[in-house]
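Please examine the sequence and the structure shown below before reading on. The briefing that follows is arranged by topic.

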Amino acid sequence: MASTGAEVREGLLDAEARAEMERTWRPRPGLYGWLASTDHKSVAKRYVATAFLFFILGGLEALLMRVQLARPENGLLDPDQYAQLFSMHGTTMMFLFGVPIQLAAAIYLVPLMVGTRNISFPRLNAFGYWTYLVGGLLLYSGFALNTGPDAGWFNYVPLAGPEYSPGKRIDVWAQTVTFTEIAALVAAVELIVTILKQRAPGMSLNRVPLYVWSILVTSFVVLFAMPSVALASLMLAFDRLVGTHYFNPAEGGDALLWQHLFWFFGHPEVYIMFLPATGFVSEIIPVFARRRIFGHTALVLALVATGFLSFGLWVHHMFTTGLPQLGQSFFTAASVMIAIPNGVQVFCWIATLWAGRPRFDTPLLFVLGFLVLFVMGGITGVMVASVPFDQQAHDTHFVVAHLHYVQIGAFVFPLFAAIYFWFPKVTGRMLSETLGKWNFWLFFAGVNLTFFPLHFLGLMGMTRRVYTYLPETGWGPLNLLATVGAFTIAASVAVFLANVYRSLRSGRAAGDDPWGAHTLEWGTSSPPPSYNFLHVPVVQGLYALWERTPDRPVVTGMQTRRREVLLTTVLDATPDARYEHPGPGLAPLYTALGLGVTFIGAIFTPWAFVAGPVLMFGALLHWFATEEEKEGPPTHAEEPA
Amino acid sequence: MTTSRLPGTIPALALLLLLALAGCERERRSFRETPPGATAFPAVQTSELQAGPRTVDPAVGAYQENRWAVGQGYTFYVQYNCAGCHAPGGGGGMGPPLNDDEWIYGSDPENVFATIVEGRPNGMPSFRGRIDDAQLWQLVAYVRSMSGLTPRDTWPARADHMQETRPEREPRPQWQLP
Amino acid sequence: MSARARRAAGLAAAVLLAGCGTNLSAVDPAGPQAARIAGLAGFLTVAGSAVFLVVVGFLLYAVWRGHRRAESAGGPEVERRMALWVGGGLAATVAVLAAVLLHNLATGRALAAFAEPDALVVRVTGQQWWWEVEYQDPSPHRRLLTANEIHVPVGRRVRVEVESSDVIHSFWVPNLHGKLDLIPGYSGVTYLRADRPGVYHGRCAEYCGLQHARMDLRVVAEPPERFAAWYEAQLRAAPPPADSLQQKGQQVFLTRKCAMCHTIRGTPAQSRIGPDLTHLASRGTIASGTLPNTRGHLAGWVVDPQRIKPGARMPPNQLASDELHALLDYLQSLK
């Protein structure tokens with residue numbers, strides 16, 4: 001089955017094979033084709049673009065808040081508008097930008113990196129995107145209609161409960177969260193199956209790239225964390241809409257229950273955004289240091305350890321609720337402990353840079369910025385993980401500073417590094433290095449200018465979520481500085497957008513592998529064809545492209561007229577079966593719309609639980625009816641020669 | 001590959017704009033409004049007959065349709081101890097129930113307003129000058145919501161305290177099957 | 001370490017708070033509880049800064065060293081050296097974290113051990129958006145109800161019992177202690193002590209709705225004898241109006257909206273919806289720590305509170321000029 005590339009070229013004319021594969025895999029033309037596409041690349045691209053749009057909206061909300069806080073007693077926003085803005089900012093960044101963009105990037109990259117033709121369950125993948133889009137549109141339509149959530153992104157009851165938040169604002173939040181949870185869960189399932197069952201032959205688990213490992217761990221974290229917030233938001237919706245008493249202490253409910261359920265999801269969520277970011281870093285550093293990464297096994301173990309430990313930290317968001325001493329000690333210890341695997345990662349990266357010959361292109365600059373900001377955020381993280389200190393710092397701007405160092409430093413910086421790194425692969429064009437360096441330095445300066453002063457403001461008593469403050473507090477100058485910093489960040493993002501625009505119009509052509517990278521996606525064209533690889537490659541080492549032998553073995557014998565992917569075994573990635581993927585269709589869109597009717601309608605009437613499922617049932621019938629005909633059960637492939 | 005290529009964007013936006021007018025009003029939090037004065041209203045209306053078509057002051061209507069006003073009204077209903085006589089949820093006690101369809105002195109917002117301001121025989125005290133006009137209109141909106149006279153979206157949900165045990169005195173859930 | 005750290009924290013505080021008008025700082029302790037936390041904060045800051053400098057130093061060195069290489073390094077010898085360095089870094093991390101953890105646990109234990117049976121007991125109830133303060137005493141007639149301002153004797157432990165009557169709030173007086181949440185259905189207890197006289201500001205630290213930003217309180221620490229005198233004065237009912245203008249002001253208070261919500265002991269006004277005003281004039285601020293208690297601010301607050309705290313429960317009061325002045329006269333007589 002495995003044969004050398006040269007033989008293949010002799011046997012079959014490349015162009016002919018490409019044309020046939022293109023006919024089989026290409027998306028349908030026109031609007032229908034756009035709506036019906038189940039190609040992981042086109043779904044991921046619109047996913048990333050949508051999430052980035054939400055990033056910009058969330059950033060504009062932050063900018064408005066920073067303007068309001070620039071000086072004491074500013075009158076730009078009234079408390080109601082400010083409350084909606086900070087709730088929208090948090091909800092947008094966490095639910096509509098952070099988690100989705102990481103999963104979207106994985107939907108694009110993972111199938112290419114493991115050397116397969118499409119993500120597992122491609123229709124479910126399309127359904128996930130539409131669901132997410134419905135959720136995002138719901139939240140922003142609500143905001144446009146003065147029905148944006150106003151009790152924070154965390155929505156503590158009883159403030160977010162039926163008595164203190166009358167109206168539909170919190171209902172909009174709860175249902176938005178439900179949509180994004182579903183989208184994240186389906187993405188996690190597809191990614192896990194793709195990683196475990198669709199790797200190219202030879203990519204045994206010990207040869208899986210670190211980014212793919214990070215996505216595997218992240219997906220499992222999603223699977224265990226999301227149900228908790230799904231349950232919580234459902235209970236909140238029931239309290240608000242049906243009159244249950246889950247969170248009403250007077251009737252035996254418990255207001256703290258909400259916090260436990262929310263943070264049992266909320267803390268792992270930070271790692272859902274952070275772990276893939278470490279994956280980006282672990283992929284980018286060896287390429288730009290021009291050296292194998294140091295401590296591959298240690299890095300994998302660190303990822304797994306972080307994934308597990310992330311579930312033992314949630315109570316450190318609740319240190320001021322008056323918990324028993326023993327419980328506090330346990331969660332302090334767990335919170336401190338998670339610094340160990342993260343320390344291991346940082347040390348391995350630094351060691352790799354030391355031993356390598358670093359090349360200072362924009363992706364590496366963002367990675368270096370990440371290392372500095374992440375160490376900073378990690379250290380303040382250890383500080384707030386200590387109960388006594390947290391009792392002072394909790395809910396002040398110290399925590400705002402800490403979380404933005406972690407979120408921007410450890411998630412947005414690697415994300416920008418990844419965009420600069422993979423943009424040539426996705427579009428076939430390079431981003432400008434000059435603008436990239438402006439982008440980086442403005443961002444780095446802006447983040448420090450904005451968030452470093454907030455540490456001091458927090459210790460000076462400036463609490464979070466305040467729409468204004470008195471001049472006597474003396475918080476004015478530092479706040480003004482932070483506002484200047486916020487505009488610097490905005491300028492940096494503007495430079496980035498200009499860079500993307502310029503590159504799409506007239507960027508330098510990238511070629512297959514502009515960076516000399518080692519993962520499989522760099523072995524196909526830029527942008528990759530609809531079928532990803534003409535022949536599924538056979539992987540011969542951890543660094544697939546760096547370690548392949550000159551004969552470049554590939555898999556042959558796959559159907560070219562059907563959407564066939566190769567399934568391999570979980571541990572050793574030996575060929576297991578050939579499996580035919582379903583084609584494009586509108587069923588995922590219909591199903592997502594049915595789901596939208598169910599959950600959005602439920603805000604207004606219980607009949608939505610009748611109408612929505614009926615629509616979804618019809619959509620699902622359509623879904624199953626339009627799966628393409630298969631020739632019996634999957635046929636087992638021959639063992640490789 | 002941006003969202004701008006989504007089909008139906010323009011009609012959807014138009015629809016949103018239309019909805020915006022309604023939505024903004026229903027959820028608006030207004031802090032420094034000038035409420036309709038207390039003097040503008042006739043005393044008890046004893047007959048359905050009246051001179052000319054009745055006009056409702058739009059400002060009064062705004063309170064009746066604003067979910068936040070109803071919520072504020074609930075707060076004042078408890079704090080000013082209306083619940084002491086009319087029971088939490090308006091089931092009635094020393095005073096008549098407020099969550100049924102019987103209105104001794106009229107069910108229009110102006111009637112309820114007048115009842116609170118003027119007081120009524122057999123125990124209802126007059127609150128003239130004691131309660132702020134805006135708060136009064138919020139109270140009126142809440143009182144009317146208990147018997148379903150305000151739009152469905154404004155009906156109060158459950159409160160965070162002990163609930164009445166008799167089912168007919170339960171606060172109305174927002175989800176109400178017809 | 002801890003003494004040095006405390007000095008460092010004190011220095012940081014001095015730098016930070018230069019020219020700062022309010023006593024609202026987590027690193028300028030005025031009592032043992034806050035001092036312990038500030039000591040820990042100092043230790044964490046020093047240790048954290050050291051770690052930061054070391055790691056970033058290594059990073060910069062690594063980048064500089066790598067940049068000068070002609071060929072990237074490899075081979076078993078290099079790998080072994082890297083493993084040693086990374087292992088060393090890991091060991092150092094574990095050591096620092098262990099020190100942090102031990103310091104934490106010791107501080108936590110000390111904070112919790114501060115309880116004392118005969119402490120002064122103050123019950124603080126959070127409401128949207130002000131604080132009701134009730135001094136507990138075994139004999140009921142010596143219980144004292146006031147609002148937004150807690151007087152404590154210097155040097156005596158205070159047991160603060162917190163609860164909420166609506167949503168979650170958080171009680172925080174940074175110069176004296178860390179914060180404690182007020183959660184409906186739960187009651188919380190914290191102990192603190194002020195060791196030097198002064199006025200310490202406090203804030204609500206958990207988002208609690210529209211006026212979360214303006215839900216402040218003040219803790220006035222004063223010598224025990226002054227505290228005792230204050231307590232006795234506060235226990236008395238409000239003084240009767242001294243002149244006809246104050247008499248008229250009291251009538252305005254009792255016949256208008258004011259009496260619907262506020263208590264003035266010694267008059268028929270007995271409602272507990274809003275803050276107790278029996279000794280309003282003795283307090284330093286109004287509107288829950290938002291404005292200084294002057295005649296002008298009081299007038300502005302009475303007439304148009306929604307301009308100062310939009311969304312607060314206090315309604316506007318359109319009073320005729322003479323009525324307003326009479327009311328202000330009366331309120332200002334409530335020493």
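Helices (H or I, at least four residues) and strands (E, at least two) are DSSP runs, numbered from the N terminus. The model is predicted, so to speak of a local feature requires pLDDT of at least 70, side-chain atom pairs count only at pLDDT 80 or more, and totals for chains, interfaces and linings use all residues. Residues are numbered from 1 along each chain as its sequence is written, while chains are lettered from A and ligands numbered from 1 in the order in which they are written.

**Chain B as a whole**

- Chain B holds six helices and zero strands.
- Read from the N terminus, the order of elements in chain B is α-α-α-α-α-α.
- Of the 178 residues in chain B, 33% are buried; a residue is buried if 20 or more other C-beta atoms lie within 10 Å of its own, exposed if 12 or fewer, and partly exposed in between, with C-beta atoms placed from the backbone.
- Two residues are in contact if their C-beta atoms, placed from the backbone, lie within 7 Å.
- Among the contacts in chain B between residues at least 6 apart in sequence, 65% link residues at least 24 apart.

**The contact between chains C and A**

- Chain C contributes 73 residues to this contact and chain A contributes 72 residues.
- On the side of chain C that touches chain A, α2 (32–67), α3 (75–112) and β7 (180–182) of chain C each provide at least two residues.
- That side of chain C consists of 43 nonpolar, 22 polar and eight charged residues.
- In this classification, Ala, Val, Leu, Ile, Met, Phe, Trp, Tyr, Cys and Pro count as nonpolar, Asp, Glu, Lys and Arg as charged, and the others, Gly among them, as polar.

**The five-stranded sheet of chain C**

- Two strands pair if DSSP finds at least two bridges between them.
- An open sheet of five strands in chain C has the order β3-β2-β1-β5-β8, with mixed pairing.
- The edges are held by β3 (144–147) and β8 (188–192) of chain C; each has a single partner strand, so one side of each lacks a neighbour in the sheet.
- On average, neighbouring strands of this sheet are turned by 25 degrees against each other, direction ignored.
- Within chain C, strand β1 (residues 120–127) and strand β2 (residues 130–135) pair in the antiparallel sense over six bridges, and C:T125 stands opposite C:E132 in β2(C).

**Other strands of chain C**

- Strand β4 (residues 149–153) of chain C is mostly covered, as five of its five residues are buried.
- On one side of β4(C) lie C:E149, C:H151 and C:P153, on the other C:I150 and C:V152, and all are buried.
- Five bridges join β4(C) in the parallel sense to strand β10 (residues 216–222) of chain C, where C:V219 is the bridge partner of C:I150.
- From strand β6 (residues 169–172) of chain C, C:H169 and C:F171 point one way and C:S170 and C:W172 the other way, and all are buried.
- β6(C) runs antiparallel to β7(C), with three bridges between them; C:F171 stands opposite C:L180 in β7(C).
- β6(C) also pairs in the antiparallel sense, over two bridges, with strand β9 (residues 198–204) of chain C, and there C:R203 is the bridge partner of C:W172.

**Two helix pairs**

- Axes are lines fitted to C-alpha atoms, for helices over the stretch in contact, and angles run from 0 to 180 degrees between N-to-C directions.
- Angles under 35 degrees count as roughly parallel, over 145 as roughly antiparallel, 65 to 115 as roughly perpendicular and the rest as oblique.
- In chain C, the axes of helix α7 (residues 295–303) and helix α9 (residues 321–332) come within 10 Å and cross at roughly 120 degrees; α7(C) and α9(C) are therefore oblique to each other.
- The contact of α7(C) with α9(C) has eight nonpolar, one polar and one charged residues.
- In chain A, helix α12 (residues 339–355) and helix α13 (residues 362–384) pack at about 160 degrees with their axes 12 Å apart; α12(A) and α13(A) are therefore roughly antiparallel.
- The contact of α12(A) with α13(A) comprises six nonpolar, two polar and no charged residues.

**One loop residue of chain A**

- A:E472 lies in the loop between α16 (433–459) and α17 (476–506) of chain A.
- A:E472 counts as partly exposed because it has 14 C-beta neighbours inside 10 Å.
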